[in-house]
Amino acid sequence: MARIVLVTGGSRSGKSAYAQHLAEAHPVPRVFVATCPPVDEEMRDRIRRHREARRGRDWETVEATVDLVGVLEKTPEYEVLLVDCLTLWINNLMYEAQQEGRQVHEDEVEARCDELLNVSAERSGAVVFVTNEVGMGIVPEHPISRKYRDLVGRCNQVMAGRADRVVLMVAGIPIDLKRG
(Lines give C-alpha, C1' and ligand atoms only; values in the text may rest on other atoms or scores of the structure.)
Protein backbone atom coordinates (compact mmCIF):
# COMPACT_ATOMS: atom_id res chain seq x y z
CA MET A 1 0.00 0.00 0.00
CA ALA A 2 1.48 3.33 -1.08
CA ARG A 3 2.21 6.13 1.32
CA ILE A 4 0.22 9.18 0.16
CA VAL A 5 1.65 12.64 0.81
CA LEU A 6 -0.02 15.98 0.05
CA VAL A 7 2.17 19.09 -0.12
CA THR A 8 0.20 22.33 -0.09
CA GLY A 9 0.86 26.04 0.31
CA GLY A 10 0.67 29.36 -1.44
CA SER A 11 2.23 30.31 -4.75
CA ARG A 12 6.03 30.24 -4.72
CA SER A 13 6.10 28.76 -1.22
CA GLY A 14 8.51 25.97 -2.19
CA LYS A 15 5.93 23.22 -2.68
CA SER A 16 7.37 21.67 -5.83
CA ALA A 17 10.98 21.68 -4.64
CA TYR A 18 9.99 20.12 -1.31
CA ALA A 19 7.80 17.50 -2.98
CA GLN A 20 10.70 16.61 -5.29
CA HIS A 21 12.99 16.31 -2.26
CA LEU A 22 10.50 13.94 -0.57
CA ALA A 23 10.11 11.86 -3.72
CA GLU A 24 13.85 11.60 -4.25
CA ALA A 25 14.20 10.06 -0.79
CA HIS A 26 12.56 6.95 -2.31
CA PRO A 27 14.37 4.50 -4.55
CA VAL A 28 14.09 4.73 -8.33
CA PRO A 29 12.27 4.35 -10.63
CA ARG A 30 10.37 7.63 -10.22
CA VAL A 31 7.89 9.41 -12.44
CA PHE A 32 6.90 13.06 -12.46
CA VAL A 33 3.28 13.52 -13.58
CA ALA A 34 2.94 17.02 -15.03
CA THR A 35 -0.56 18.48 -15.23
CA CYS A 36 0.38 21.85 -16.72
CA PRO A 37 -0.41 22.38 -20.40
CA PRO A 38 2.15 24.60 -22.18
CA VAL A 39 -0.35 27.32 -23.09
CA ASP A 40 2.07 30.21 -23.63
CA GLU A 41 5.77 31.10 -23.65
CA GLU A 42 5.94 31.98 -19.96
CA MET A 43 4.38 28.63 -19.03
CA ARG A 44 6.74 26.77 -21.38
CA ASP A 45 9.63 28.48 -19.58
CA ARG A 46 8.29 27.37 -16.18
CA ILE A 47 7.95 23.81 -17.46
CA ARG A 48 11.53 23.94 -18.78
CA ARG A 49 12.85 25.10 -15.38
CA HIS A 50 10.97 22.29 -13.61
CA ARG A 51 12.44 19.74 -16.03
CA GLU A 52 15.95 21.12 -15.47
CA ALA A 53 15.51 20.74 -11.70
CA ARG A 54 14.91 17.00 -12.27
CA ARG A 55 17.61 16.49 -14.92
CA GLY A 56 20.14 13.80 -14.01
CA ARG A 57 18.10 12.62 -11.02
CA ASP A 58 16.52 9.48 -12.54
CA TRP A 59 13.10 10.93 -13.31
CA GLU A 60 10.72 9.99 -16.09
CA THR A 61 8.11 12.61 -17.02
CA VAL A 62 4.53 11.92 -18.06
CA GLU A 63 2.21 14.72 -19.11
CA ALA A 64 -1.40 14.25 -18.03
CA THR A 65 -3.73 17.20 -17.93
CA VAL A 66 -6.91 15.32 -16.94
CA ASP A 67 -6.51 11.52 -16.68
CA LEU A 68 -4.42 11.14 -13.54
CA VAL A 69 -6.08 7.83 -12.65
CA GLY A 70 -5.12 6.43 -16.06
CA VAL A 71 -1.49 7.44 -15.54
CA LEU A 72 -1.35 5.81 -12.13
CA GLU A 73 -2.91 2.62 -13.49
CA LYS A 74 -0.49 2.48 -16.43
CA THR A 75 2.71 3.04 -14.41
CA PRO A 76 2.85 0.29 -11.76
CA GLU A 77 6.59 -0.17 -12.29
CA TYR A 78 7.41 3.17 -10.66
CA GLU A 79 8.26 3.15 -6.96
CA VAL A 80 7.28 6.79 -6.52
CA LEU A 81 5.01 9.19 -8.39
CA LEU A 82 5.02 12.95 -7.98
CA VAL A 83 1.88 14.66 -9.29
CA ASP A 84 2.41 18.40 -9.77
CA CYS A 85 -0.15 19.81 -9.41
CA LEU A 86 -3.76 19.17 -8.43
CA THR A 87 -4.62 22.86 -8.75
CA LEU A 88 -3.89 22.80 -12.48
CA TRP A 89 -5.71 19.46 -12.71
CA ILE A 90 -8.86 21.16 -11.41
CA ASN A 91 -8.32 23.98 -13.91
CA ASN A 92 -8.01 21.41 -16.70
CA LEU A 93 -11.17 19.59 -15.57
CA MET A 94 -13.05 22.89 -15.65
CA TYR A 95 -11.70 23.70 -19.12
CA GLU A 96 -12.60 20.25 -20.46
CA ALA A 97 -16.12 20.54 -19.03
CA GLN A 98 -16.53 23.99 -20.57
CA GLN A 99 -15.53 22.60 -23.97
CA GLU A 100 -18.22 19.92 -23.51
CA GLY A 101 -20.86 22.50 -22.54
CA ARG A 102 -21.12 21.41 -18.92
CA GLN A 103 -19.86 22.45 -15.49
CA VAL A 104 -17.80 20.62 -12.91
CA HIS A 105 -19.46 20.36 -9.50
CA GLU A 106 -17.95 19.65 -6.10
CA ASP A 107 -19.42 16.14 -5.98
CA GLU A 108 -17.64 15.29 -9.25
CA VAL A 109 -14.35 16.61 -7.88
CA GLU A 110 -14.86 14.60 -4.70
CA ALA A 111 -15.57 11.43 -6.70
CA ARG A 112 -12.51 11.96 -8.93
CA CYS A 113 -10.31 12.56 -5.88
CA ASP A 114 -11.66 9.42 -4.20
CA GLU A 115 -10.91 7.41 -7.34
CA LEU A 116 -7.42 8.91 -7.53
CA LEU A 117 -6.76 8.08 -3.88
CA ASN A 118 -8.08 4.52 -4.30
CA VAL A 119 -5.76 3.86 -7.24
CA SER A 120 -2.87 5.51 -5.35
CA ALA A 121 -3.42 3.32 -2.29
CA GLU A 122 -3.17 0.16 -4.43
CA ARG A 123 0.41 1.02 -5.44
CA SER A 124 3.60 0.26 -3.58
CA GLY A 125 6.05 3.00 -2.64
CA ALA A 126 4.77 6.55 -2.44
CA VAL A 127 2.55 9.00 -4.28
CA VAL A 128 3.24 12.67 -3.62
CA PHE A 129 0.67 15.27 -4.67
CA VAL A 130 1.29 19.02 -4.89
CA THR A 131 -1.54 21.53 -4.62
CA ASN A 132 -2.06 25.22 -3.93
CA GLU A 133 -3.90 26.58 -0.94
CA VAL A 134 -6.17 29.07 -2.72
CA GLY A 135 -8.82 29.85 -0.10
CA MET A 136 -6.86 32.05 2.28
CA GLY A 137 -7.36 35.36 0.44
CA ILE A 138 -10.30 37.55 -0.38
CA VAL A 139 -13.47 36.22 -1.98
CA PRO A 140 -12.93 36.43 -5.75
CA GLU A 141 -15.03 38.98 -7.64
CA HIS A 142 -16.07 36.73 -10.54
CA PRO A 143 -18.30 33.63 -10.30
CA ILE A 144 -15.88 31.43 -12.28
CA SER A 145 -13.04 32.37 -9.92
CA ARG A 146 -15.21 31.57 -6.89
CA LYS A 147 -16.16 28.25 -8.50
CA TYR A 148 -12.48 27.43 -9.10
CA ARG A 149 -11.57 28.31 -5.50
CA ASP A 150 -14.40 26.12 -4.21
CA LEU A 151 -13.46 23.15 -6.41
CA VAL A 152 -9.79 23.35 -5.42
CA GLY A 153 -10.85 23.63 -1.77
CA ARG A 154 -13.00 20.50 -2.07
CA CYS A 155 -10.14 18.65 -3.81
CA ASN A 156 -7.68 19.65 -1.10
CA GLN A 157 -10.03 18.59 1.70
CA VAL A 158 -10.63 15.16 0.18
CA MET A 159 -6.96 14.57 -0.58
CA ALA A 160 -5.79 15.77 2.84
CA GLY A 161 -8.45 13.73 4.60
CA ARG A 162 -7.07 10.47 3.25
CA ALA A 163 -3.39 11.33 2.86
CA ASP A 164 -0.93 9.74 5.26
CA ARG A 165 0.99 12.99 5.52
CA VAL A 166 0.04 16.61 4.79
CA VAL A 167 2.72 19.31 4.62
CA LEU A 168 1.99 23.04 4.47
CA MET A 169 4.80 25.07 2.90
CA VAL A 170 5.23 28.64 4.14
CA ALA A 171 8.16 30.73 2.87
CA GLY A 172 10.07 27.58 1.96
CA ILE A 173 9.56 26.01 5.39
CA PRO A 174 7.64 22.72 5.66
CA ILE A 175 5.07 22.51 8.46
CA ASP A 176 3.60 19.07 9.11
CA LEU A 177 -0.17 19.32 9.45
CA LYS A 178 -0.72 15.57 9.49
CA ARG A 179 1.74 12.77 9.94
CA GLY A 180 0.48 9.19 9.79
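Helix α4 (residues 86-99) and helix α6 (residues 143-162) have axes that come within 10 Å and cross at roughly 130 degrees; axes here are lines fitted to C-alpha atoms, for helices over the stretch in contact, with angles from 0 to 180 degrees between N-to-C directions. That makes α4 oblique to α6, since angles under 35 degrees count as roughly parallel, over 145 as roughly antiparallel, 65 to 115 as roughly perpendicular and the rest as oblique.

Who touches whom? On the α4 side you'll find Leu-86, Thr-87, Trp-89, Ile-90, Asn-91 and Met-94, and they meet Ile-144, Lys-147, Tyr-148, Leu-151, Val-152, Cys-155 and Met-159 in α6 (contact means heavy atoms within 4.5 Å). Sorted by class, this contact of α4 with α6 has 10 nonpolar, two polar and one charged residues.

A word on the source: this is a predicted model, where local features need pLDDT of at least 70 and side-chain atom pairs count only at pLDDT 80 or more, while totals for chains, interfaces and linings use all residues. Residues are numbered from 1 along each chain as its sequence is written, and side-chain values use heavy atoms, leaving out hydrogens and water.

Now zoom out. The protein has six helices and seven strands, counted as DSSP runs (helices H or I, at least four residues; strands E, at least two) and numbered from the N terminus. From the N terminus on, the order is β-α-β-α-β-α-β-α-α-β-α-β-β. Among contacts between residues at least 6 apart in sequence, 76% join residues at least 24 apart. Of the 180 residues, 42% count as buried, meaning under 20% relative accessible area with a 1.4 Å probe, protein chains only.

Terms used:
Nonpolar A, V, L, I, M, F, W, Y, C, P; charged D, E, K, R; others polar. Buried < 20%, exposed > 50% of the residue type's maximum accessible area, 1.4 Å probe, protein only.
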